[in-house]
Amino acid sequence: MLKSKQGLKKQAIKKPKLSRIARREERAAWLFLAPAILLLMVFVFIPMINAGYISLHSWDLLTDMEWIGFDNFIALFQDKDWISALIRTFIYALCYVPSLFIMALLLALIVKHIPKGTGIFRTAYFMPVILSSVVTGIIWKLMYDERSGLINNIIEGILGIRIPWLSSVEWAMAAVLIVNVWMQMGYYMIIFLAGLQDIPTSYYEAAKIDGANPWQIFWRITFPNLSNASLFVVVMSVIGSFQAYDQIAMLTQGGPAGSTTLGVQYIYDTAFGLYDMGYAASCALNLFVIILIFTMMQFKLTRGGEKE
């Protein structure tokens with residue numbers, strides 16, 4: 001009896017054999033995935049491993065590496081400049097993520113309810129995403145100019161004042177935030193728009209029959225059915241906020257007085273300004289761990305909400 005039971009268990013554990021068509025489809029799937037996996041290996045995983053190795057050394061790019069163990073990581077938690085850069089990054093993320101989320105969702109709702117010319121509006125809103133960050137940085141820098149910039153000309157015409165957008169500690173972060181939200185909201189608008197188009201029209205028809213107003217329809221039908229799109233937007237925008245660099249480098253270079261020096265800018269300045277590659281690598285790994293923790297927390301909270 002025992003032997004027969006064990007035999008039955010082994011048979012149950014055995015995986016069913018794949019047919020020729022299934023095996024062929026599996027090989028085709030791996031073949032299509034191979035380029036993406038190769039790119040991830042070359043540009044993500046191998047550099048990460050190399051960064052971990054460099055972080056355990058003292059290296060200035062010119063001389064040989066000197067093994068120092070975990071000294072860089074010990075110094076990391078005692079570095080007030082790095083901690084200040086992280087605090088500014090958190091503040092930036094707290095402003096960037098909700099602003100981007102609201103603007104992208106608002107644009108998606110507007111485009112969805114436009115009766116004609118939807119394609120034109122989609123293209124217009126998506127255009128900043130495909131523009132070069134260098135080009136957009138130069139254009140916005142000219143627009144932010146305190147003396148002759150278009151933005152200040154408009155503000156002066158309405159309020160009679162000129163704002164030192166890029167030279168003021170109080171306004172520099174807001175200037176960078178506006179540009180980054182403007183550049184990315186078109187991409188996330190497309191994500192929300194795809195989610196809106198997947199909601200069955202029967203839900204809205206039933207709600208109107210029950211006498212629900214537009215606000216109730218949004219909160220009871222539209223927003224709950226955008227949970228997957230919302231999760232994607234929040235996760236990707238949080239990652240993007242912690243990796244903000246391009247527009248900061250073009251507009252302020254981390255100034256004035258370090259007010260826009262976020263995590264990535266600090267890493268760049270340490271690596272290619274001070275030529276302390278080991279310490280810069282340890283900062284990069286520290287930032288990677290923070291992003292990973294926040295991403296896992298978001299997935300856990302979202303899954304918990306779905307279960308409830």
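**Group meeting: pockets in a predicted model**

Okay, let's start with the largest pocket, which holds about 740 Å³ of space. By pocket I mean an open set of points on a 1 Å grid over the protein atoms alone, where a 1.4 Å probe fits, with protein on both sides within 12 Å along at least five of seven lines. The volume is the space filled by probe spheres set on the points, and grid points are joined across faces, edges and corners. Lining residues have an atom within 4 Å of a point. There are 21 of them here, and P47, M48, A51, A284 and L285 are the closest to the centre.

Before I go on: this is a predicted model, where local features need pLDDT of at least 70, side-chain atom pairs count only at pLDDT 80 or more, and totals for chains, interfaces and linings use all residues. Residues are numbered from 1 along each chain as its sequence is written, and side-chain values use heavy atoms, with hydrogens and water left out.

So who builds that lining? α14 gives the most, with 8 residues. Helices are DSSP runs of H or I, at least four residues, and strands are E runs of at least two, numbered from the N terminus.

The second largest pocket has about 410 Å³. Its lining has 17 residues, with L109, H113, P214, F218 and T222 closest to the centre. α4 (80–112), α9 (201–209) and α10 (214–222) each supply at least two of the lining residues.

Zooming out, the protein chain has 14 helices and 2 strands. Its C-alpha trace spans about 90 × 70 × 35 Å along the principal axes.
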